[in-house]
Structures are given as C-alpha cells and as structure tokens.
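Here is a short report on one chain. Read it beside the sequence and the structure.

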Amino acid sequence: ALAEPAQAATKTIASISHHADGVVDSVDAQANAVTLTHGPVASLKWPGMTMEFKLANSALLGSAKQGDKVAFEFVERGQGEYVITSLKPARAARSTP
C-alpha cells in the first residue's frame, strides 16, 4: 500500500525541465515575458534561435536586462507555450566535467 502514493506522485510530474544559455534581447514587463536568443536545446532537438518565453512569475526576471547573458530552465506548459522556471546570470567561466 505504501508504494501507491509514491507511484501517484511520480505520475503527476507532467513536464520535463529544459536547460539553455542565452542572451536577453528584450524584456516585456507588461506581458511578464522575455525574448531570448539561446543556444541549442538538446532535450528538444532545437537549434539556437530567438524566441519569447513567458516567466512563471515576475520575480524570476530579477535584475536581468537587455544584453545580459543568462542560464535558464523552462518547461512546456501547453502546446508550444514555453515558460521559464529559472533565470540566472550566466557564469563567465564554466567548469566542464
């Protein structure tokens, strides 16, 4: 009986989180959205491109502004609706494993 709630909990995780690095092209505070030029997203087989993302909440934007390099995570909420769940300044020096 203990296994059932755990199985139910894992089934509720509907969306996969995707990661990318990019540059902020513009910020639309009214629409709670940001336009980013990002590199390839392997988990979606996307090439690098420029696109608008909604923000899960307005606090995610923080101090990010046009021209900033950022690392971000996003999920697909609806068909073709991509929502940023994490947005942070990109680290200048990344350590590669």
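## Thr 35 and its contacts

Setting aside neighbours within four places in sequence, Thr 35 is in contact with Val 23, Val 24, Asp 25, Ser 26, Thr 50, Met 51 and Glu 52. The model is predicted. Thr 35 itself sits in strand β2, which spans residues 33-38. Strand β1 covers residues 18-28, and strand β3 covers residues 49-55.

Is Thr 35 buried or exposed? Thr 35 has a relative accessibility of 17%. The cut-off for buried is under 20%, so Thr 35 counts as buried.

## Overall make-up

The chain holds one helix and five strands. Read from the N terminus, the order of elements is α-β-β-β-β-β. The chain has 97 residues, and 28% of them are buried.

Among contacts with a separation of 6 or more, 44% are between residues 24 or more positions apart. The accessible surface of the chain is about 6,600 Å². Carbon and sulfur atoms hold 55% of that surface.

Strands of a sheet pair through backbone hydrogen bonds, in either a parallel or an antiparallel sense.

Both senses can be seen here. Strand β4 (residues 69-78) and strand β5 (residues 81-89) run antiparallel, joined by eight bridges. Phe 74 has Ile 84 in β5 as its bridge partner. Strands β3 and β5 pair in the parallel sense, over two bridges. On that side, Lys 54 stands opposite Val 83 in β5.

## His 18 in strand β1

His 18 lies in strand β1. Which residue does the His 18 side chain meet in a polar contact? The partner is the side chain of Ser 43, at 2.6 Å. His 18 has a relative accessibility of 6%. That value is why His 18 counts as buried.

Beyond four places in sequence, His 18 touches Val 41, Ser 43, Leu 44, Phe 72, Glu 73 and Phe 74.

## Loops and positive phi

Where does the backbone take a positive phi? Asn 32 is one of the places, with phi near 55° in a residue other than glycine. Asn 32 is in the loop between β1 and β2. Its relative accessibility is 22%, so Asn 32 counts as partly exposed.

Lys 45 is another residue other than glycine with a positive phi, near 60°. Lys 45 belongs to the loop between β2 and β3. At 76% relative accessibility, Lys 45 counts as exposed. Gly 80 also has a positive phi, near 75°. Gly 80 is in the hairpin of β4 and β5, where two residues lie between the strands.

## Between β3 and β4

Ser 63 is placed in the loop between β3 and β4. With a relative accessibility of 67%, Ser 63 counts as exposed. How far apart are Ser 63 and Lys 88 in space? Their C-alpha atoms are 9.4 Å apart, while 25 residues separate them in sequence.

Asp 68 forms a salt bridge with Lys 65. The closest N and O atoms of this pair are 3.5 Å apart. The count of salt bridges comes to one.

Definitions and conventions: Residues are numbered from 1 along each chain as its sequence is written. This is a predicted model: local features need pLDDT of at least 70, side-chain atom pairs count only at pLDDT 80 or more; totals for chains, interfaces and linings use all residues. Side-chain values use heavy atoms; hydrogens and water are left out. Helices (H or I, at least four residues) and strands (E, at least two) are DSSP runs, numbered from the N terminus. Buried means under 20% relative accessible area, exposed over 50%, partly exposed in between (1.4 Å probe, protein chains only). A polar contact is a pair of N or O atoms within 3.5 Å; within protein, one must be able to donate a hydrogen and the other to accept it, and residues adjacent in sequence count only if both atoms are side-chain atoms. Contact means heavy atoms within 4.5 Å. Two strands pair if DSSP finds at least two bridges between them. A salt bridge is a side-chain nitrogen of Lys or Arg within 4 Å of a carboxyl oxygen of Asp or Glu. Accessible areas come from the Shrake-Rupley method with a 1.4 Å probe; for residues, only the protein chains shown count as cover.
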